[in-house]
Structures are given as C-alpha cells and as structure tokens.
Amino acid sequence: MIYTVTLNPSLDYIVEVEQVTLGELNRTKNETKFPGGKGINVSQVLKKLDVDSRALGFLGGFTGDYIESFLTSHGIHTDFVRVDEDTRINVKLKSDKETEINAKGPNITEGNFESLKAKIRELTSNDILVLAGSIPSTMPESTYEELVKLCNENGTKFVVDAEGELLKKVLPLGPFLIKPNHHELGDLFNTVINSCEEVIPFGRELVKQGAQNVIVSLADKGAVLINKDLALIATSPQGNVKSSVGAGDSMVAGFIATYEKTKSIDEAFRFSVAAGSATAFSIGLCTREKMEGLLPQVIVEKSNLRGE
C-alpha cells in the first residue's frame, strides 16, 4: 500500500472577482473549494491511475470533516489523526492579479505527533510512504527525519517532496525518490540551472548523498532522472499551461504508480513527465485520459554526459 502524509493540509477556497477594491464590498464571479496539500494531491492522482493509497496527516474541525468526506467520496482511504483546532483555510483571490492568504494551521501537540508515528510504525517493507510539503510551525524541525527513520526500521521505501533543509536532512537516510525542480536544485547548490544537461552533475551529487532516484523538472525544458546507474532526459509535452499547482505532486504520483506496476524506472519516469504536464495543462489535477494522451510526446533518452 502507498501512504501519503500531509502534515498541514488546507481547505483551499478559490474566489474570482472582476476587480478588488480595498475597503469596499466586493462580490464574487466564481468560487470553489477543494482539499489542499501535496500529499493529498498525490493520493488524488494515484486514484485517477487506479492505484489505492491511504492519506495520513492531521485534520480538525468542520474543515477537516469536509476534506475527509471529499476524499472518501472519491474512493481514497484516509487515516488522519484528529486534532483539536480547525484545519486551516487558504484563500486564493483571483482578479487582475492573483493574491493568496494562507493560514498557519492548527496547533499539533506532541501527543498528535506520537499518534502519527504509531501509524507509520505499522508500515512494512511492502509499503511506500510519501512525505510531501511543509512542516507546521508547531512541530519540530526534525519531523521528517523522525518519520523516515521509522521507515528505515521497517524497511519501508519513502519518497520526499520537500525543499531546502528538509530535503538535505533526509538524504543520508536513503529516500527512494526526491523531486526538486531546477530552482530548488539550484538553491541547494547556490547556483542557477537553466538546462537538463546542467542538472546532471548536481543530481549525481544528490545520489552520492543518499537519494536512490532524483527527478528534476524544468517546466517546458523537460525533466531529468538520475540514479546510480543512469541519467535520463525527457522532453516535455507541448500545451497551454493553465496552472502549475499540483504538477510536481502529479509527477510523484505518476512515477510511483507506474513503477509499482512495471518496476521499470524508464517507464515510470516517462509517465511521471506526462502526469506533471497533464496537470499543468488543466484547471485542477489531471485526468488519466489527459496523461495517457500526452505520453507519445514524452521522449526519454539516456544522457551521454558522464557528469564526473
């Protein structure tokens, strides 16, 4: 079973108005709401690919109830730890400019964290755990490290989709997959990366530091996969980018789903790129049909660069 962890989920409230006038009454043109959080996005895309997962994390209050009922109504298994305060609401205000107001989220107690760790201790070597997104301000900075150490004790594969120090700290623990974009990769090494070829030496360094597979996305310039045996470069499908939100989560889901079915790194990478692009070309998360429709455009080739 695949398990996803979202430590600070949200109810995302999307509001469209013609124009925002501060200090006056503004009426909406369109509005919608849906669950937010990187791990939750991964679970949703996995379901679209007919792969079951179980969503873990923390939920509370009426907003938490909405998220849980949304996921279960879409056939996604949940096993969240309930907390005392409401799950946060993030407001996305769309007008001539886009404005976001993100709440800080509920207080997560030590007891709440222990409850989550108890669930992860039950995982086995047949499971995969996906850790995605930020850590709530009320939780220790070592949260990811503590969770992946439990995975190592159980022999559970784990995937980390995070950036900066969060990512650095888990590398020595051997993540099965990490997926920084080229900006995040550049930040890790204090440089600027503009091409797939420039990714390879830095990706190899992350493999030396402990990552088993590294996928780096470069938007319309393509994507790169690096592990100890190979470096692959994929073209990106052409299309009209409507929103990048959830594209990285879709890449993670596409890779895991395909790898679990085929055990082929090449094929998993190819589907990963198609899944990320399908979400970028959509409002909301991708559909299976759009992913499969983009697959013929994803050409994967082995790099001739040694990167040494």
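**Close-up 1. Helix 1 and helix 8 cross at roughly 45° in this predicted model.** Let's start with the helix pair: the axes of helix 1 (residues 38-48) and helix 8 (residues 247-262) come within 8 Å. Axes are lines fitted to C-alpha atoms, for helices over the stretch in contact, with angles running from 0 to 180 degrees between N-to-C directions. Helices (H or I, at least four residues) and strands (E, at least two) are DSSP runs, numbered from the N terminus. The two helices are therefore oblique to each other (under 35 degrees is roughly parallel, over 145 roughly antiparallel, 65 to 115 roughly perpendicular, and the rest oblique). Helix 1 passes helix 8 in a right-handed crossing, meaning that the near helix is turned clockwise from the far one by less than a right angle. Helix 1 brings K38, N41, V42, V45 and L46 to the contact, and helix 8 brings D249, S250, V252, A253 and A257 (contact means heavy atoms within 4.5 Å). Six of these residues are nonpolar, two polar and two charged (Ala, Val, Leu, Ile, Met, Phe, Trp, Tyr, Cys and Pro count as nonpolar, Asp, Glu, Lys and Arg as charged, the others, Gly among them, as polar).

**Close-up 2. Y66 and F70 form a tilted ring pair.** Five aromatic pairs turn up in the whole structure; rings of Phe, Tyr and Trp (its six-membered ring) pair if their centres lie within 6.5 Å, with planes under 30 degrees apart stacked, over 60 edge-to-face and the rest tilted. Here the centres are 6.4 Å apart and the planes at 35°. Both residues sit in helix 2 (residues 61-73), four residues apart, so about one helical turn separates them. Y66 is partly exposed at 26% relative accessible area, while F70 is buried at 17% (buried is under 20%, exposed over 50%, partly exposed in between; 1.4 Å probe, protein chains only).

**Close-up 3. F189 and F202 link distant parts of the chain.** F189 lies in the loop between helix 6 (182-188) and helix 7 (196-208), and F202, 13 residues away, in helix 7. Their ring centres are 5.1 Å apart with planes at 40°, so this pair is tilted. F189 is partly exposed at 23%, as is F202 at 24%.

**Close-up 4. V300 lies in strand 15 (residues 300-302).** Its C-alpha atom is 5.6 Å from that of I233, 67 residues apart along the chain. Leaving aside residues up to four places away in sequence, V300 touches L232, I233, A234, F269 and R270.

Residues are numbered from 1 along each chain as its sequence is written, and side-chain values use heavy atoms, leaving out hydrogens and water. In this predicted model, local features need pLDDT of at least 70 and side-chain atom pairs count only at pLDDT 80 or more, while totals for chains, interfaces and linings use all residues.
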